[in-house]
Amino acid sequence: MTLFGRFVRRGAFAIGAALIMAGCQRSTPPDPTGSWRLVSLEGLASVQGAGGRAPTLTLAGTQASGFGGCNRYTGGVTVDGTSMRFGAVASTRMACVGEGDAVEQAYYAMLAKVTTFARRDRELALSGPGGPLAMFVRE
């Protein structure tokens, strides 16, 4: 093989390896879009609101909505990479019996503390400056 042939072959190998490595370094940020059911809230498992229903979270674009424990709610959400921030929440004002009201208040307070999220398969974890806040599973 000529010197030129070896140079071209090594150069092609180096370019191919560089392209593969560049592809490996670029990763798609996780997408939290979808409907989620709360399974733990600040370390408490099996959180149930009114009627034995768990709070839910539906994320679509810049909108968040769902069931808070007593009432339906809606609000804004900003996602940038793995950063997440919820805006003010507006909700219906139905009377609530049992522990639903306490669950709802704790749930809305948790949303206000969220700064990051992680998604793995059918799980969505929300965290704040102090650590994990809530875990959801896909509905």
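I take contact, or touching, to mean heavy atoms within 4.5 Å. I am reading a predicted model, where local features need pLDDT of at least 70, side-chain atom pairs count only at pLDDT 80 or more, and totals for chains, interfaces and linings use all residues. Residues are numbered from 1 along each chain as its sequence is written, and side-chain values use heavy atoms, without hydrogens or water.

**F136.** I looked up its partners, leaving out residues up to four places away in sequence. F136 touches W36, R37, L38, V39, L57, Y107, M110, R122, E123, L124 and L126.

**Elements.** I took helices (H or I, at least four residues) and strands (E, at least two) as DSSP runs, numbered from the N terminus. The protein has two helices and nine strands. Their order is α-β-β-β-β-β-β-α-β-β-β.

**Core.** I used buried Ala, Val, Leu, Ile, Met, Phe, Trp, Tyr and Cys residues joined through side-chain atoms within 4.5 Å. Buried is under 20% relative accessible area, exposed over 50%, partly exposed in between (1.4 Å probe, protein chains only). The largest nonpolar core holds 23 residues; F136 is among those touching the most other members, as are L57 and Y107. Helix α2 (100-113) gives the largest share, five residues.

**Salt bridges.** I required a side-chain nitrogen of Lys or Arg within 4 Å of a carboxyl oxygen of Asp or Glu. I found two. E42 pairs with K113, closest N and O atoms 3.1 Å apart. E42 sits in the loop between β1 and β2, K113 in α2, 71 residues apart. R120 pairs with E123 at 3.4 Å between the closest N and O atoms. R120 is exposed at 58%; E123 is partly exposed at 31%.
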